[in-house]
Each structure stands twice: as C-alpha cells, then as structure tokens.
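The sequence and structure are shown first, and the description follows.

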Amino acid sequence: MEIKSTLIQEYFKDLTEKQIAQFDLLYSLYSFWNAQINVISRKDIEELYERHILHSLGIAKFCTFKPGEKVLDVGTGGGFPGIPLAVLFPETQFHLVDSIGKKIKVVTEVASALGLENVKASHLRAEQVTDKYDFVVSRAVTRLIDFYPWIKGKFNKESKNAIPNGILYLKGGDLAEEIAESGLKAELYPLSAYFKEAFFETKYVVYIPQ
C-alpha cells in the first residue's frame, strides 16, 4: 500500500511539484528507517502524515519563515518538526539537533534522500549550540521551565519576520499550569483552527517571543 501526501496538499495548496514529490517520499523513507531505528511509535507510522508531518506544519500556519532566516529544531528526534518545515521553506536554513546520535543518523539520511540542502543535523545537546537563530522550534521535548534555559541567548536580536523572533513549540493538552510554572509570556494558538482532524483538537502552537 502506497500512502501519499494528499492530506498535506489539502491544507497547503501552493506546493510545487518538487515539494509534493518530497512529501510523498517521506512515508517510504520513514517506514524504512523506522524499521531499523525506532524514531516513531510503530503503530503511528500509518498515521505519519497526520500525526507527524501535518502536526509539524502547524507551525507554518502560524508563522511563514522568510528566505535567509535560521531556525533551530531542538530535540528533533527523527526530524520533527524540522524536516517537514525544511521541505515547505526551502530558502530558510534549518539546524536540527538531538542528543541521541542514531536519531540524527535518520535525520541525515532522510534529508539526503530528499535532497534538502537547507538542513544541517548535529548530534548535540541544545546547550552546546553556539550559533544564533531567528526562531527555535520543538515538539513537546520537555516542560517549558526546563526547555527555556537550554535555548536562552540563542536568538538574533533583529527580527526579519512579521512575527518577532522567538520559540514556536508544539504541545498538547491543558498548558495553563505549565506556562504559569515557566513564568514565560506565552501565546497559545490552537491547531484545531487550521486542521479539522480530531487529533488536533487539543494541540497548540505555543509562541514565546524572545
């Protein structure tokens, strides 16, 4: 059974033929690599387009990255949200980092197979990253109170985007307590405003301006 990226095309109408081909290829690539190095729950691989790729692209419904901007993906795992975002924004530079080397191997292999020249993958902890970025993205790696110290001070001072530089964090559930605990000024944007699937009913983009 071949699973195609029609779900992605439904929500992103302006994809080029190259981008559609890249999104189509993700299922076979992740099926192959996931069988060797488990980066996605085995039962989730059939739901790859909804629960991983479209979920990652929720960030793009809130923020359109500009050519030349630099985005850091912290705790990328097998490449989420960084790989889908890099396909969607080929002129934006993405740096995907994870502290687990075998996960970065998957990222490197997938990026190479897709021909993504705007992706750099590093086997690093976020605290070890020395560059500066316009945005930091992540997908529910840890609680915000623990996450923020890892990336504090890693932002460019000047914003090129309509949205000021900051953190774009994908997270689900009731986040009021976690945000209050962190002491950060966070804005919540429900993914249910963009996507009709039931999976997104409790999912958010958490935006924290730098």
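Predicted model: local features only at pLDDT ≥ 70, side-chain atom pairs only at ≥ 80, totals over all residues.

Leaving aside residues up to four places away in sequence, Gln 22 is in contact with Val 87, Leu 114 and Leu 116.

## The packing of H2 and H3

Helix H2 covers residues 17-36 and packs against H3 at an angle of about 125°, the two axes being 11 Å apart. H2 is therefore oblique to H3. The crossing of these two helices is right-handed.

On the H2 side, the contact is made by Phe 23, Asp 24, Leu 25, Leu 26, Tyr 27 and Tyr 30. On the H3 side, Leu 48, Tyr 49, Ile 53 and Leu 57 take part.

The largest nonpolar core contains 53 residues. Tyr 30, Phe 65, Ile 83 and Leu 168 have the most contacts inside it. Helix H3, residues 48-62, gives the most to this core, contributing eight residues.

The surroundings of Ile 83 can be listed in detail. With residues up to four places away in sequence not counted, Ile 83 touches Leu 26, Tyr 30, Leu 96, Val 107, Val 110, Ala 111, Leu 114 and Leu 116.

## The seven-stranded sheet

Seven strands make up an open sheet with mixed pairing, in the order E3-E2-E1-E4-E5-E7-E6. Strand E3 (119-123) and E6 are the edge strands; each has a single partner strand, so one side of each lacks a neighbour in the sheet. From one strand to the next, the twist averages 20°.

Strand E1 (residues 70-74) pairs with strand E4 (residues 135-139) in the parallel sense, over three bridges. In this pairing, Val 71 stands opposite Phe 135 of E4. Two helices that pack on the sheet may be described next. Helix H5, residues 101-114, touches strand E2 (93-98) and E3, and its direction makes about 165° with that of E3. Helix H6, residues 144-151, touches E1, E4, E5 and E7, and its direction makes about 150° with that of E5.

## Strand E7 and its partners

Five of the seven residues of strand E7 (residues 203-209) are buried, so the strand is largely enclosed by the rest of the structure. Strand E5, residues 166-172, pairs with E7 in the antiparallel sense over seven bridges. Strand E6, residues 187-190, also pairs with E7 in the antiparallel sense, over four bridges.

Which residues face Val 205 of E7 in these pairings? Val 205 is the bridge partner of Leu 170, and Tyr 189 stands opposite Val 205 as well.

## Val 137 in strand E4

Val 137 is located in strand E4. The residue is buried, with a relative accessible area of 0%. Apart from residues up to four places away in sequence, the contacts of Val 137 are Ile 59, Phe 65, Val 71, Leu 72, Asp 73, Val 74, Pro 81, Leu 85 and Leu 168. The C-alpha atoms of Val 137 and Leu 191 are separated by 15 Å, and these two residues are 54 residues apart along the chain.

## Two backbone exceptions

Most residues other than glycine have a negative phi, and most peptide bonds are trans.

Ala 140 sits in the loop between E4 and H6. Is Ala 140 buried, exposed or partly exposed? At 42% relative accessibility, Ala 140 counts as partly exposed, because that class lies between the limits of 20% and 50%.

Conventions. Residues numbered from 1 in each chain as written. Heavy atoms only, no water. Core = buried A, V, L, I, M, F, W, Y, C linked by side-chain atoms within 4.5 Å. Buried < 20%, exposed > 50% of the residue type's maximum accessible area, 1.4 Å probe, protein only. Contact = heavy atoms within 4.5 Å. Pairing = 2+ DSSP bridges. Axes fitted to C-alpha atoms, helices over the stretch in contact; angles between N-to-C directions. Parallel < 35°, antiparallel > 145°, perpendicular 65-115°, else oblique. Left-handed = near helix turned anticlockwise from the far one by under 90°.
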